[in-house]
Each structure stands twice: as C-alpha cells, then as structure tokens.
Amino acid sequence: CFTPQVTEARSLADEALNILRVLIKENPEDEQLEVAFADGLTDLAMIEIQLRNFESAENWLNQARALNQQALVEFPNSEQIRNNRTRYLFFLILLRGGQLKPKQALETAAELRDVGWNPQKNAYYAACGLARCVPILKNHAALNKSEQEQKSEEYANQAIQFLRRAVRLGY
C-alpha cells in the first residue's frame, strides 16, 4: 500500500484539486467544475484509504458528500453525478471497514444497493465494496490475527449476500 506510486498519486490529486479551486473561483457559474471537484475529493479519499489514513479519507469524503448531495438535488438525472454518488458510497464502505465500523459499512452498502437508479449494478457495487474490506481487515494493525480472520469472514459473507441479491435482480 505504501508504494511510491500511491504517494505520487496523492500529490498529483492534490495538484488537480488546487487547479480546480482556481478554476471554480474564475468560473463560479460552471457547475461541471464543482462536480469534477467532488469527484477529485473522492479520488483523494480513495488514495488515503489505500494509505490507511482513515481520518484524512473521512475528511475528504465528508467534503465530497456535501457537494454530491447538492449536485444530485440540482441535476437528479445526470449520469456523471449519479456515478460520483455511487463512487462516494463505495469508498465510504471501505472507509467504514477500515475504521472497524461494520454496522456503518453495512448500512452504507445497503444505501448504495438501494440508491435507485441502477438496482442490479448498485447491488453488485455494494457487494464489491464489502468484499474490498476483506484485504483491509486482513492487514489491520488494530486487530490480532484471529480478529482479522473473523472480521474478514464476516465481510466476505455479507458481500456474498449482496452479490446474490445483484444476481436475483438480473446482474
């Protein structure tokens, strides 16, 4: 996880957000810049999750959430904004797994599954989010080996349940 490529990606994502901040100030009427900014915040959260910086990831996702919610209200049928919301929820599942908050991870997976605009895919993405928590937990510093195995198995079982639902829905 702590590869130079991930660290470099973090630096590049920061630079991209700084450029977007300038563009937003210069073009406040351009909603697409706000959408791109929210997506960039989600990208930074994903990188922080990979680096196991869960507090920082939560900060980025909190900022992205507010922008995503506002964009969804203004443009409820926008494919890009819906995709941003899906990505946000997906990475929130990973964050909650990394924070050792299984109830919140499961609630977020259910929210993603039930978001409404693509039931089959969203159920599949929710399953994938839960499954992606398994490697996070298998190497979690706050858990001993037995706890790592137990928590990983719990998330894997939940992922399978969500995947079965996606198949029932036609995925």
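Begin with the charges: the mean positions of the 20 positive and 22 negative charges of the chain are 9 Å apart. Lys and Arg count as positive and Asp and Glu as negative, while His and the chain ends are not counted. Each charge is placed at NZ of Lys, CZ of Arg, CG of Asp or CD of Glu.

The model is predicted, so local features need pLDDT of at least 70 and side-chain atom pairs count only at pLDDT 80 or more, whereas totals for chains, interfaces and linings use all residues. Residues are numbered from 1 along each chain as its sequence is written, and side-chain values use heavy atoms, with hydrogens and water left out.

**Whole chain**

Show the chain as a cartoon. Seven helices and zero strands make up its secondary structure; helices (H or I, at least four residues) and strands (E, at least two) are DSSP runs, numbered from the N terminus. The radius of gyration is 17 Å, close to the 16 Å of the globule rule for 171 residues, so the chain is as compact as a globular protein of that length. That radius is taken over C-alpha atoms, and the rule is 2.2 Å times the number of residues to the power 0.38. Along the principal axes, the C-alpha atoms fill a box of roughly 55 × 40 × 25 Å.

Switch to a surface. Its accessible area is about 9,300 Å², 52% of it belonging to carbon and sulfur atoms; the areas come from the Shrake-Rupley method with a 1.4 Å probe, and for residues only the protein chains shown count as cover. Buried residues make up 40% of the 171, where buried means under 20% relative accessible area, exposed over 50%, and partly exposed in between (1.4 Å probe, protein chains only). Of the contacts (heavy atoms within 4.5 Å) between residues at least 6 apart in sequence, 63% join residues at least 24 apart.

**Helix α2**

Select residues 31–50. The 20 residues of helix α2 should span 28 Å at 1.5 Å a residue, and its end C-alpha atoms, 29 Å apart, agree with this; the expected span is 1.5 Å times one less than the number of residues. Buried residues in α2 include Leu33, Phe37, Leu41, Leu44, Ile47 and Glu48.

**Arg10**

Now pick Arg10, in helix α1. Arg10 is buried, with a relative accessible area of 17%. Not counting residues up to four places away in sequence, Arg10 touches Leu44, Ile47, Glu48, Ser56 and Trp60. Draw a distance to Glu48: the two C-alpha atoms are separated by 7.8 Å, although the residues lie 38 apart along the chain.

**Arg96**

Go on to Arg96, in helix α4 (residues 79–98). Arg96 is buried too, at 13% relative accessible area. Leaving aside neighbours within four places in sequence, Arg96 is in contact with Glu58, Lys101, Gln104, Ala105, Thr108 and Tyr155.

**Two loop residues**

Finish with backbone angles. Most residues other than glycine have a negative phi. Arg52, in the loop between α2 and α3, has a positive phi near 65°. At 24% relative accessibility, Arg52 counts as partly exposed. Then select Leu100, in the loop between α4 and α5 (102–113). Its phi is also positive, about 60°, although Leu100 is not a glycine. Leu100 is partly exposed, with a relative accessible area of 32%.
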